[in-house]
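Here's a quick, friendly look at the structure below. Have the sequence and the 3D view handy as you read.

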Amino acid sequence: MTHTEELVRRLPTEMGGLEAGAILRTEHEYAPWEKRCHALANVLDTHKIVNTEEKRRGIEALGTEMVASLTYYERWIVAFANILFQKQILTPEELSKRMSDVEARYSATATTG
Amino acid sequence: MSSHEHEHPHLPEAGDGMPGYYEIMETAVRELLVEEKVFGPGEIRHMLEVMDTRTPALGSKIVARAWVDPAFRSRLLANGRTALEELGIDFFEDTQLMVLENTDTVHNVVVCTLCSCYPREILGLPPDWYKLKPYRARTVKEPRVVLAEFGTVIPDDVEIRVSDSTAMIRFLVLPQRPEGTENFNEEQLAALVTRDAMIGVTKALTPVEEQSR
């Protein structure tokens, strides 16, 4: 199978049956923003805005390279943003502007604090 | 994004003051959704508090209850979700819970090959290894070898059943009650039930193993 055929046949998240190394029993303490990301997922689900199936498809839609390069909750928040754009709940422009505002707010705190 | 961030896609160093790109994105998304009244201002905080109460200790209590209460065990095996809702444990997602009972002839183990589906309502957030490639890739192909890596040697005449979680169905393994626990109360029994035993990569602890932890 060529590399592109492999990409077509297998979803970026589909791991079942692949060759892989030893299971390293790693665990880490979740960062507060990672927990908030998870809470966001649960709240969006309980409000019937984004269900689990949509979350998974949102991650898959990031494509193989992003799935492989971003950490777990990095993939989640990027996928949520895309899903919220598709559902026209948020726009890319307002998110982009708000991210700049949040960053500016933190910078201001860092300088004055 | 710079190649530097690609090589180190992890969290910013604690104490450097500035949140990373993805944390800023999380904050921005949350603020906008609250402002647009998609959900209330306290809902994320409340959910975080609820999530903090969902740890493997909750799962252990459920298993211990099933070991001592045959009627509850039957309801749990018939429909995991409604049996738990009966105990006041609500679900965050629109998913079903199937409880898989280990016996002398069948050992169950749970995986999610596509992502990280997990019975979070009763076990909390999954361990990292559950979400990483080696466990997801190999468990469906060579479960006996994987279990042996966890120190769990399953005799050849015992069938291993691997259940692959989906967005709609989550699994909880009901381990076998260890021998020598006939006089144990529910609390003592619960102490033998580890998270890994409820994923199925290990068995419940024996009283001797529990003492030596």
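## Chain A

In chain A, 52% of the contacts with a separation of 6 or more are between residues 24 or more positions apart; a contact means two C-beta atoms, placed from the backbone, within 7 Å. This is a predicted model, where local features need pLDDT of at least 70, side-chain atom pairs count only at pLDDT 80 or more, and totals for chains, interfaces and linings use all residues. Residues are numbered from 1 along each chain as its sequence is written, while chains are lettered from A and ligands numbered from 1 in the order in which they are written.

Chain A has six helices and zero strands, going by DSSP runs (H or I, at least four residues, for helices; E, at least two, for strands). Its C-alpha trace spans about 55 × 35 × 30 Å along the principal axes. Of its 113 residues, 27% are buried, which takes 20 or more other C-beta atoms within 10 Å of a residue's own, again placed from the backbone.

## Chain B

Over in chain B, there are 13 helices and four strands. Buried residues account for 36% of its 213 residues. As for contacts with a separation of 6 or more, 68% of those in chain B link residues 24 or more positions apart.

## How confident is the model?

The model scores ipTM 0.91 and pTM 0.85. Mean pLDDT (the predictor's confidence in each residue, from 0 to 100) is 91 for chain B, with 92% of its residues at 70 or more. Residues 1-15 of chain B stay under 50 in pLDDT.

Conventions
A residue is buried if 20 or more other C-beta atoms lie within 10 Å of its own, exposed if 12 or fewer, and partly exposed in between; C-beta atoms are placed from the backbone.
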